[in-house]
Amino acid sequence: MNTQQLKKMLEEMWIDYLALNPDAQAIHQLIKKRNPHVVNDHIALRTFNLGKVDLKQISRPFINAGYHARGEYSFPKKHLYAQHFEHNDPNLPKIFISQLLTENLDQSNQELIHNLIEQIPQEVLTTKHFSYSGRHWNLTYQQYQQLLKQSEYAAWLAAFGFRPNHFTILINALHSHHRIETLNQFLKQHGYALNSAGGEIKGSAEKYLEQSSTLANKVILSFDDQEAEIPGCYYEFAKRYPLPEGGLYQGFIAASADKIFESTDSR
């Protein structure tokens, strides 16, 4: 995949994301009015750690397009493992891919997830668009609720399938807001609710990264047995700080990401 094809793929991911999170389009326009450039820091994807769809499979098209694995992160309480990937072109967003450690769930939820994955058509798995191809299985609202009791992450992934969970505005590239506090205040003044789990600002300048995010708006989703309103996607904001040896910190903080995941929790 050449750079032009990669940029087209990233643009298609953005369009798919906006369909579930129209607030992101409104926020993007609000900020764009005040800034010549709005830079996307990273895109986050979710998956299960099962061979057909594990992190290695989801990352393959990005690696083929010039991305390289960088940091690794563990989230024991949420039963998650993640990696982030960077492209040689610093203008392209980082890709953050997390996967659920399915074997850590109870037996009934493990069986349910395995059944979902078995329904994915083989030919779909090999497409470069798979990471934003949506849901490929039958799912009842009752099954969604079953997963929700043990893992918000598993329930979200089962409901929405493979698609961007969030995009992220890089605060460093903004002219209008240089501090995460002022950007958060600006968003709240315009009526957007922020994720306050662990505080509105996750991380610190001392850790070289500060993050905040909106709460996922609820969307009406069709299940096999009914329609239901559940949390969709959210928009994140990141402020990166320079390292002592030079250059901005490009990684992530597991403790902060752990709380950012809760932006899609049911409320």
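Confidence in this predicted model averages a pLDDT of 94 over the protein chain, and 99% of the residues score at least 70; pLDDT is the predictor's confidence in each residue, from 0 to 100. Among the elements of the chain, S4 has the highest mean pLDDT (98) and helix H9 (residues 254-260) the lowest (79). Helices (H or I, at least four residues) and strands (E, at least two) are DSSP runs, numbered from the N terminus.

A quick word on the ground rules: residues are numbered from 1 along each chain as its sequence is written, and side-chain values use heavy atoms, leaving out hydrogens and water. Because this is a predicted model, local features need pLDDT of at least 70 and side-chain atom pairs count only at pLDDT 80 or more, while totals for chains, interfaces and linings use all residues.

**The sheet and its neighbours**

- Eight strands make up an open sheet of mixed pairing, in the order S2-S3-S4-S1-S5-S10-S7-S6; two strands pair if DSSP finds at least two bridges between them.
- Strand S2 (67-75) and strand S6 (202-204) are the edge strands, each pairing on one side only.
- Strands S1 (residues 40-48) and S4 (residues 94-100) run parallel and are joined by seven bridges, and the bridge partner of Arg 46 in S4 is Ser 98.
- Five bridges join the antiparallel strands S8 (residues 218-222) and S9 (residues 227-231), which form a hairpin with four residues between them.

**Aromatic rings**

- The structure holds 17 aromatic pairs; rings of Phe, Tyr and Trp (its six-membered ring) pair if their centres lie within 6.5 Å, and planes under 30 degrees apart count as stacked, over 60 as edge-to-face and the rest as tilted.
- Trp 137 and Phe 162 form an edge-to-face pair, 5.7 Å centre to centre with 80° between the planes.
- Trp 137 lies in the loop between helix H5 (122-125) and helix H6 (141-150) and Phe 162 in the loop between helix H7 (152-160) and strand S5 (166-170), so the pair ties together parts 25 residues apart in sequence.
- Both Trp 137 and Phe 162 are buried (under 20% relative accessible area, with exposed over 50% and partly exposed in between; 1.4 Å probe, protein chains only).
- Ring pairs link Trp 14, Tyr 17, Phe 167, Tyr 235 and Phe 237 into a cluster.

**Charges over rings**

- The charged end of Lys 239 sits over the ring of Tyr 241, 5.6 Å from its centre; this requires NZ of Lys or CZ of Arg within 6 Å of the ring centre and within 35 degrees of the ring normal.
- Arg 240 lies over the face of Phe 252, at 5.1 Å from the ring centre.
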